[in-house]
Amino acid sequence: AARGAGGGAAREAPGDACRREPGRFPSMFGATPSPPPPAAISTVLAGGFQLWLVLGVVLHRICSQVSQLILERVQGRTKLTERLCLGHHGLLLVTSHPDDECMFFGPTLLQLAKENVVLRLLCLCTGDFDGLGEKRKTELLAACEQLNINHVKIIDSPLLKDGPNEKWDIPAISALVREEVRRHGCRAVLTFDGQGVSQHPNHVSTHAGVALCGRMNPELSTWQLNSVPLARKYLGRLDAILCFVASLLNSRLVLTAVGDNGRLVSALQTHRSQYVWFRKLYAKFSRFMWINTIQPIS
């Protein structure tokens, strides 16, 4: 310490020690600990990631097992003939394009076929957007044979041209549906909901036409396939858990499911002209290849 004028030791000001050694501050617990080395941080992060990965795999397996149990339970206990009041009259499915029956309605069709329900399909266009209309008609007939769809009618009309920018004639769709209903004596019709699953304008118009037919024919039971948010659309069979919970909260909701979708994938593969890479991914991850939720059209 420096000495003062009187020869005595000069006292330090309280902050002198800190000023003499920048970056060091007094601590009641002793010296401030040094930060951990980068290698230690990397080790902790790597361990945390591995733990997260293991927990994720375990959780996925648990959810998969629960989902499979729900799918099998729904498949074994839901009697669509009773829930949809079909009787011996069968069901008319109204779709927009060839391959819609496989991509969206498969679980319902397979379950109805298992109950020996007479299935009829009205497809409102040939899918000629890329000039493959005739080929796609042939593919549709082959797919329907695998799905046990007994009667198929494919419309080729200038009022219902395939394409996202085409505006379909709603009264014309309603008239076509009404004609098929009267010809075959159907009492129930199934189609898309107002969002059309993928918001395709042709799907939305198909819903509007069936809904109009239902309003004009109150004795007709009209049903819609419920769309889901994008986050759920590609959960595959894991979405069965959310569907099961939703069915408990909404008594009007009807679940249909398949415990093994191999037959449905095989039917989709029949549409060879459309079975490109993104449809292969769709077949693997889409929840519509495992489970449907349907309810009456309001």
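Predicted model: local features only at pLDDT ≥ 70, side-chain atom pairs only at ≥ 80, totals over all residues.
I started with β2, helix α6 (residues 133-146) and β3, which make a right-handed β-α-β unit. Right-handed here means that, with the strands pointing away from me, the path from the first strand over the helix to the second runs clockwise. Helices (H or I, at least four residues) and strands (E, at least two) are DSSP runs, numbered from the N terminus.

Residues are numbered from 1 along each chain as its sequence is written, and side-chain values use heavy atoms, with hydrogens and water left out.

Next I checked how β2 (residues 119-123) and β3 (residues 151-154) pair: they run in the parallel sense, over four bridges. Pairing takes at least two bridges found by DSSP. In β3, K153 stands opposite L122.

L230, Y234, V276, W277, F278, L281 and F285 make a nonpolar patch of about 740 Å². Helix α13 (residues 277-285) gives the most, four residues. L230 sits in helix α10 (residues 230-233) and counts as exposed because its relative accessibility is 64%. The cut-offs are under 20% for buried, over 50% for exposed, partly exposed in between.

Last, how many disulfides (cysteine sulfur pairs within 2.5 Å) are there? I found zero. C186 is buried at 5%, and C243 is buried at 1%.

Key: Patch = residues over 30% accessible without salt bridge, like charges linked within 9 Å, V, L, I, M, F, W, Y side chains within 5 Å. Areas by Shrake-Rupley, 256 points an atom, 1.4 Å probe, with all protein chains shown as cover. Salt bridge = Lys/Arg side-chain N within 4 Å of Asp/Glu carboxyl O. Buried < 20%, exposed > 50% of the residue type's maximum accessible area, 1.4 Å probe, protein only. Disulfide = S-S within 2.5 Å.
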